Amino acid sequence: MQTRSIALAAGLLVNLAVAGAAAESSLKDAYQGDFVVGAALNEPEITGQDAAGDAIIAAQFSSISPENCLKWERVHPEPNRYDFALPDQYVALGEKNHMFIVGHNLVWHNQVPDRVFHDANGKLLGRKALLARLKHHIYTVVGRYKGRINAWDVVNEVVDEDGSLRKSPWLKIIGPGYIAMAFRYAHQADSKAELLYNDYNLEIPKKREGAIALVKQLIKQRVPITTVGLQGHYLLGEPSVEQVDTAISEFAKLGMKVAITELDVDVLPRPAGGPTADVTLNIAQNSALNPYVGGLPDSVQQQLAARYGELFAVFVKHRDVIDRVTLWGVTDADTWHNNWPIRGRTAYSLLFDRAGQPKPAFDAAIHAAGR
Ligand code: G3I
């Protein structure tokens with residue numbers, strides 16, 4: 001109660017700041033007591049080569065995620081070699097700033113070397129041998145940061161668009177039980193860490209039905225899952241806020257905590273259709289599909305702000321079950337949308353512009369805290 005009153009008092013200051021200079025308020029203060037607000041960090045931010053980015057991170061965010069450095073191919077590039085140089089710096093940065101530190105990710109079908117699924121002669125591994133590799137990887141990576149990394153994306157994107165389990169090599173070789181085993185290994189390696197199933201498009205009913213069935217099954221098997229991560233790779237008009245609201249409610253009903261793990265809003269044309277985060281999409285460059293090279297028209301800037309405002313309003317409505325909202329990058333210079341699904345575009349997906357200045361979308365995100 002007392003914490004909330006202090007937060008409310010602080011909120012008055014935040015609102016005053018929004019009315020004046022938004023740059024003086026911070027996301028982490030605006031949502032203190034509701035959920036932590038995070039950002040995914042790239043290599044220059046982790047190593048201190050992006051001083052301007054690091055200043056924004058320290059001032060604005062209370063949580064960090066590693067955009068790439070803890071993916072299997074980076075942290076475990078060869079069978080008997082782990083590379084912890086960058087992850088060690090990443091964790092140290094989070095500790096220095098007293099942040100909630102996220103690990104992303106342990107099991108994915110992308111960014112995992114093909115040799116993981118084969119023996120030294122190129123023959124496809126059997127179930128037992130692949131489970132042994134999975135266990136070694138998880139014990140080594142989670143174990144190294146035991147008590148320091150607070151939450152792990154244990155399985156990433158394991159449900160397909162039709163709601164079935166994704167036909168990854170993990171599924172084909174081990175069978176559906178690989179998901180439960182990954183959670184158990186992670187829990188054995190660090191029993192205090194929050195453990196997530198993380199995915200995109202869970203706002204779409206068909207895919208969500210599959211995800212709900214999976215989570216129910218895991219709960220029934222007493223698998224140590226704590227949280228469902230909605231990645232939150234959104235467009236200006238899709239999914240609707242009602243769909244986001246429903247997705248959060250449905251996972252909360254299962255007793256899960258919910259985290260928004262990779263939030264961004266793409267304003268650029270999507271020749272391949274609606275929302276997706278399938279990293280394998282690769283569409284040819286075409287200047288008609290890169291309309292805002294010279295800057296974002298004010299009308300679109302305002303739509304983006306309104307979109308962030310409505311999304312944060314839904315998140316704050318569910319603050320009892322949402323423990324984290326993480327942006328997938330810091331400034332527009334960093335967003336993966338500059339290179340996906342078409343390379344070399346000028347994207348505007350985040351809350352800070354290329355010069356590191358807060359955008360109208362930032363003001364809207366702060367304002368939605370309602371303090
Ligand atoms: O670091 C190399 C660089 O040395 C090389 O010159 C360059 C040439 O293409 O590639 C660089 O690596 C790229 C890396 O991002 C760093 O920029 C990879 O090619 C590129 O594939 C990689 O993309 C990442 C993608 O995941 C695939 O791992 C994005 O940064 C990252 O934002 C994205 O994040 C994913 C989440 O992990 C899961 N959910 C979807 C989300 C968005 O796609």
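What span does helix H12 reach from its first C-alpha to its last, and what is expected at 1.5 Å a residue? I looked this up first.

**Model.** I worked on a predicted model, in which local features need pLDDT of at least 70, side-chain atom pairs count only at pLDDT 80 or more, and totals for chains, interfaces and linings use all residues. Residues are numbered from 1 along each chain as its sequence is written, and side-chain values use heavy atoms, with hydrogens and water left out.

**Helix H12.** I took helices (H or I, at least four residues) and strands (E, at least two) as DSSP runs numbered from the N terminus. H12 covers residues 298-317, 20 residues in total, and reaches 29 Å, close to the 28 Å expected; the expected span is 1.5 Å times one less than the number of residues. I then listed its buried residues, among them Leu304, Tyr308, Leu311, Phe312 and Phe315. Buried means under 20% relative accessible area, exposed over 50%, and partly exposed in between (1.4 Å probe, protein chains only). The cover over these buried residues includes strands E7 (233-235), E8 (257-266) and E9 (322-327), and helices H11 (241-253) and H13 (360-367).

**Aromatic pairs.** I paired rings of Phe, Tyr and Trp (its six-membered ring) with centres within 6.5 Å; planes under 30 degrees apart count as stacked, over 60 as edge-to-face and the rest as tilted. The count is 12 aromatic pairs. One of them, Tyr139 with Tyr185, is edge-to-face, at 6.3 Å centre to centre and 80° between the planes. Tyr139 belongs to helix H7 (residues 127-144) and Tyr185 to helix H9 (residues 178-189), so the pair ties together parts 46 residues apart in sequence. Tyr139 is partly exposed at 34% relative accessibility, whereas Tyr185 is buried at 7%. I also noted that ring pairs link Tyr31, Phe35, Phe312 and Phe315 into a cluster.

**H7 against H9.** The two helices H7 and H9 pack at about 35° with axes 9 Å apart; axes are lines fitted to C-alpha atoms over the stretch in contact, and angles run from 0 to 180 degrees between N-to-C directions. Contact (heavy atoms within 4.5 Å) involves residues including Leu131, Ile138 and Tyr139 of H7 and Met181, Tyr185 and Ala189 of H9.

**Charges over rings.** I required NZ of Lys or CZ of Arg within 6 Å of the ring centre and within 35 degrees of the ring normal. Lys207 lies over the face of Tyr200, at 3.9 Å from the ring centre, and Arg354 over that of Tyr348, at 5.2 Å.
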